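Trainee: I would like to learn how to read the inside of a protein model. Please show me the example.

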Amino acid sequence: MVLTHNAIDFNDSEIAFRNKSNAELRQAHLLFKVMNNAGLVKTGKHLLNLAFAIRFPVNGIIRNTIYKHFVGGTSIEDCARTIEKLAARNVGAILDFAVEGEERDELFDATCAEVIRTVEFAQHNKNVPFSAFKITGIGRFDLLAKVSEGAALTDEETAEYRRVYDRVESIFKRGYELGVPVLIDAEHTWIQPVLDDLVMEMMAKYNQEKAIVQNTYQMYRHDAIERLKQHHREALAGGFKFGLKIVRGAYMELERARAAEMGYPSPIQPDKPATDHDFDEIIRYFVDNIDTINFMVATHNENSSQLLAQLIDERGLPHNHPHIYFSQLYGMSDHLTFNLAEKGYNVVKYVPYGEVKTMMPYLFRRAEENTSVKGQSSRELRLIEKEIKRRGGLAKR
């Protein structure tokens, strides 16, 4: 893309790593070196699973390495220092209780109660502007799939789905009562229909004055733009606020494999350029409709971040326009986060929290997505190494 004279320098490593000590920078360098090796990551995953199975004491090792880099803490209270450090750099935090894959009602109830606690915490902390949750953290995946495909439910399943519905509503209702926007994460395509229906219903109920209920759209779906625009039209027709987050997407291989196995067309874009095109196209649509859309662009992509920053400038919008947020994951893409924040844009980090063992699926995903030579870790490594060099090779502590 053609950059204007206002372009942000995302290669400014001094701003990106300003709040990392030399020791922390060395540790990050070692961590991303390890993650850059796909073989090591694969072996490490098997070894850690074995260690947990035989109750080998690895918690301390994990807590002081990969966990410390990507996770805010074990509890809401434990995240306080992380939130303060981000706030000192003009970056907000979204606390994300990263429990997933549970099957029992009592665990779903406990997760729901914890999400509500994050909403209540956000009300009292201006540095936590949103709350967030996954519907699969409070409802059984197979049940959501069955509802999504319109299959007949047993009496027991109907009652179970009513409990899922009530949990979702209780979270959004608390957000409404306290004025805290709540983002719900996107899911696999075959359980997304029930999620979309639920969210649009909750928007109509709770978004009359403010975009409290906010959906997430995965732009690697080839129907994402039309689905999103349709939901926007429904919000305009219904007279309620439309709030959302866009991401590129998290389940590509799984989606393609399932489509091939079950004989239906893949819901995923044919290639990355098609995803990138739609991602940037919808950003333009958001800015064109800034008065009726509250949106968050959650991306580690420099071009998309640069595009949104430039559109804000071209339209003469304030950098901290209340309808516009940038977002990245905690522990990744600090060169985007802090360089955007330095220019006064609204930026938040998704800060997951939970006990070490609970966080392992999340941490494995972070490690796996950082193994590609062309992907995230090579960029992270390059920038960390640039900053190490700028600091004189870390000769001095």
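Trainee: Leaving aside neighbours within four places in sequence, which residues is F295 in contact with?

Mentor: Contact means heavy atoms within 4.5 Å. In this predicted model, F295 is in contact with L244, F286, V287, I290, L308, H323, I324 and Y325. Residues are numbered from 1 along each chain as its sequence is written, and side-chain values use heavy atoms, without hydrogens and water. Because the model is predicted, local features need pLDDT of at least 70 and side-chain atom pairs pLDDT 80 or more, while totals for chains, interfaces and linings use all residues.

Trainee: Which residues touch the most other members of the largest nonpolar core?

Mentor: A nonpolar core is a set of buried Ala, Val, Leu, Ile, Met, Phe, Trp, Tyr and Cys residues joined through side-chain atoms within 4.5 Å. Buried means under 20% relative accessible area (1.4 Å probe, protein chains only). Here I246 and F295 touch the most other members of the 80-residue core. Helix α10 (residues 192-206) gives that core its largest share, eight residues. Another core, of 38 residues, lies apart from it; M35, I66, A132 and Y362 are among its members.

Trainee: How many helices and strands are there in the chain?

Mentor: Both are DSSP runs, numbered from the N terminus: helices are H or I, at least four residues, and strands are E, at least two. The chain has 17 helices and eight strands.

Trainee: What share of the residues of the chain count as buried?

Mentor: Of the 397 residues, 54% do. Residues 24 or more positions apart make up 77% of the chain's contacts with a separation of 6 or more.

Definitions and conventions
Buried means under 20% relative accessible area, exposed over 50%, partly exposed in between (1.4 Å probe, protein chains only).
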